Amino acid sequence: MVFNELSPFGSIKNQPVFLEELASFKIQLDIKREDLIHPEISGNKFRKLKYNLLEAKNSNHNSLLTFGGAYSNHIAATAAAGNNFGFKTIGIIRGEELATTKELNSTLTYAQSQGMQLHFISREAYNEKETHAFLEKLVNDFGDFYLLPEGGTNNLAVKGCEEILTSRDTNYEYICVSVGTGGTMAGIINASTENQKIIGFSALKGDFLKEDVAQWVSKDNWQITDDYCFGGYAKVNAVLIDFINNFKKATSISLDPIYTGKMLYGITQMVKEGKIPKNSRILAIHTGGLQGIPGMNITLKNKNLPLITV
């Protein structure tokens, strides 16, 4: 199992984009197309899994066990990685009611098609997932496994995310990335130069992610904002959907509504608000996550909101 054989690291490009609404600010905005890193294990999920799977192999584990919600990018990526690299995968899914639905959503259907065994638990039980008693029960139920945390962030995941930035990226003054569990941002901070400013766009409401990131880094050239999270995790409205669709029309780049859509929206607003100065060079990290769009479109349709252009 050699990740580099399947990962087109050398072909990951920084794609320049032009947004008419930013033209007067003379901004250079490029997007690092991490979403193209692998056809099934997209973006930062590949980076987070890389060294974890190598460690799982080196420690003679044949099974991977992890956690996630019904639309989790991490669940989908772990299932695909297991299928690609010969691991049995087990997904502990939040929401026991999902086990009785007649038809699983596209994310869980995909995970199942990749060979992942899905185990649905209540939200109350899910909150206990990091306790010793809960993990002992999982070992009793499923046998020996290599444990991946929810979202995939641990020290090996941060190590993998440090490889997102390369020597070609040192000319950017601002590096922007969406934040869910903090591992991707931490890796980028560690790989950044002291002259660069790292801005994290939180997918969640609240400032607790600052503590999550701080435990992995020693630099202070970063900030996290939740000003553009649209009220919280997975919350969207017509303004965000229109922005994502207009961005796709202008650049041919798809964005997801949970992470990258909010990040790019936030970048444009920060430029307009003067929080990012004119003439700045900005690199935005596209972390993938596009697999969740079909499921989100079902939700949007039920709410009579515009659909995301795929």
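Me: Which residue caps the N-terminal end of α10?
Reply: This is a predicted model, in which local features need pLDDT of at least 70 and side-chain atom pairs count only at pLDDT 80 or more, while totals for chains, interfaces and linings use all residues. Residues are numbered from 1 along each chain as its sequence is written, and side-chain values use heavy atoms, with hydrogens and water left out. A side-chain oxygen lies 3.0 Å from the backbone nitrogen of valine 239, where a polar contact is a pair of N or O atoms within 3.5 Å, one able to donate a hydrogen and the other to accept it, and residues adjacent in sequence count only if both atoms are side-chain atoms. The residue that brings this oxygen to the end of α10 is asparagine 237.

Me: What covers the buried residues of α10?
Reply: Helices (H or I, at least four residues) and strands (E, at least two) are DSSP runs numbered from the N terminus, and α10 spans residues 238-251. Its buried residues (under 20% relative accessible area, with exposed over 50% and partly exposed in between, for a 1.4 Å probe and protein chains only) include Leu240, Phe243 and Phe247. Counting contact as heavy atoms within 4.5 Å, the cover includes β1, β2, α11 and α12.

Me: Is histidine 38 buried or exposed?
Reply: Histidine 38 lies in the loop between β2 and α2, and its side chain reaches the backbone nitrogen of glutamate 40 at 3.0 Å. Its relative accessible area is 5%, so histidine 38 is buried.

Me: Which strands stand at the edges of the open sheet?
Reply: The sheet has 4 strands in the order β5-β4-β3-β6, with parallel pairing, and two strands pair if DSSP finds at least two bridges between them. Each edge strand has a single partner, so one side of each is left without a neighbour in the sheet, and these strands are β5 and β6.

Notes: Expected span 1.5 Å × (residues − 1).
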